[in-house]
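Open the model in your viewer and keep a selection tool at hand. The stops below go from one selection to the next.

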Amino acid sequence: MMTSVVPDRRALFAGFFIVGLSGFGGVLPHAQHMLVERRRWLSEQQFAEVLGLGQVLPGPNIVNVAVAVGARFHGASGALVACAGLLLAPLGVVLLLAALYAGYQQLPLVQGLLRGLAPAAIGLIFGMGLKLAARLPRKRRPWVLALLTFAAVALWQLPLLLVLLLLAPLGVALAWHWPEGAQ
Amino acid sequence: MMLLWVLFLLFAQFSLLAVGGANAVVPEIHRVVVGELGWLSGQQFADLFAIAQAAPGPNVLIVSLIGWHMAGVPGAAVSLLGICLPSSLLSFAVARWWQRVQGSRLALAIERGLAPLTVGLVLAGASMMLHALTLDARGLLLCAASALLAWRLRLNPLWLLAGGGLLGMLGWV
C-alpha cells in the first residue's frame, strides 16, 4: 500500500512535536494516531513495520520510530528534525513539572487527576495492541508467537534481551519458510 | 563541564542496552545512580520516575530528570542526548538498510516474523504497567473502557485521557 502523504521537514517536526506533547503515559498510541490515522504518512502496515523494528532495536522505541520515519522521508536531516520535534517540548514540560512537583504533589485534585490518567493511558496502549493484533493473519503460528512473547515478558518475566534473541530469529525463520502462509 | 561529560557517557552506555525501550534499563540506572554513585536517594529516584511517567512524552525523560538533578538544564540535555544518540545511529542505519531491501523476501520475512512479537510486546508492556498500579474494580473498568474505545473508534487519544483525568478529579476512580 502506498502512503498518500509525504511530509516536508516542517511537517515532520510539527507532527512529532504534537505526538511528544500528547504522550501522557506512553507515546506510541499517539504516534499511531498521528502518523496513520490523521496525517496518513504511513499505512497501518508501514507503521507496524517501523514499530516492529523500533521495538527490536535497542533504545527508546518511539525515538527509533521517529528516526526511521524521518529517515524514510528526508534522510539524516529528517531523522534529526523528527527527534527534535518529539523530544524538545516534553523535555521542557518535564523539567517544569519537576520544578512544580515538590510544591503541589499533595493537592487532592492533582492526585485524583493522576489516579484517573494512569488507567486511561494504559488502556490506550492495550487499544493499540488490539489494533495491531487485529492485523495479524488468521493463522495459528503468528498468534502462538504473539502469545509466547506476551507470556515470556509479562508472565514469566524473562529478560527482554533473551526473549528477543530467541523469538525474533524464530519468527523471521518461520515467516521465511512460509512466506505465503502469512498472508 | 566534566560532570556533563560524565552524564553523557554514563547514559550513552545504557542506550544500546535498552532493548524494548527506556524502561528496560530503569532498574539498572537505579542500581548505578542510587546504589553505586549515590547521586540520589531511592525516594528521590522514585519521585523523578513518577514525574517522568505523568508528564507527556517518552518515558526516556526519566534520564533527563536525573541529569537535571545533577547539573540543571544542560545536564538534562546531555543526559537525554547520551541515551538517545547511540541507539538512534543504529536505528538510522537499519532504517536506510530497510528501505533498500523493502519488498525482498528477507524484508517480508522480517516484517511478518516480527509482527507477532510487536503485538506481544505492546500488550505485555501494558499489562505490566497495569499490574504495577494495583487498581480497584473501577480503575480496571476505566482501563478496559479506554482500551475498547481506542481500539474500535479512531478517537484522538487525548479525549480518553481527558475523560480519565476528569473521572479521577471527580473522585470516581
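Over residues 116-133 of chain A, what percentage of the chain is helix, and how far apart are the end C-alpha atoms? Select that stretch: the chain is 100% helix and 0% strand there, and the end C-alpha atoms are 26 Å apart. Helices (H or I, at least four residues) and strands (E, at least two) are DSSP runs, numbered from the N terminus.

This is a predicted model, in which local features need pLDDT of at least 70, side-chain atom pairs count only at pLDDT 80 or more, and totals for chains, interfaces and linings use all residues. Residues are numbered from 1 along each chain as its sequence is written, with chains lettered from A and ligands numbered from 1 in the order in which they are written.

Next, select residues 145-178 of chain A. Here the chain is 85% helix and 0% strand, with the end C-alpha atoms 14 Å apart. An unreviewed UniProt entry lists both 116-133 and 145-178 of chain A under "transmembrane region"; such annotations may be inferred rather than shown by experiment.

Now show helix H6 (residues 140-155) of chain A with helix H5 (residues 105-133) of chain B. They pack at an angle of about 35°, with axes 7 Å apart; axes are lines fitted to C-alpha atoms over the stretch in contact, and angles run from 0 to 180 degrees between N-to-C directions. Among the residues that meet are Phe150(A) in H6(A) and Gly120(B) in H5(B), where contact requires C-beta atoms, placed from the backbone, within 7 Å.

Last, select Val67(A). Not counting residues up to four places away in sequence, Val67(A) touches Ala79(A), Ala82(A), Cys83(A), Ser88(B), Ser91(B), Phe92(B) and Ala95(B).

Terms used. Contact = placed C-beta atoms within 7 Å.
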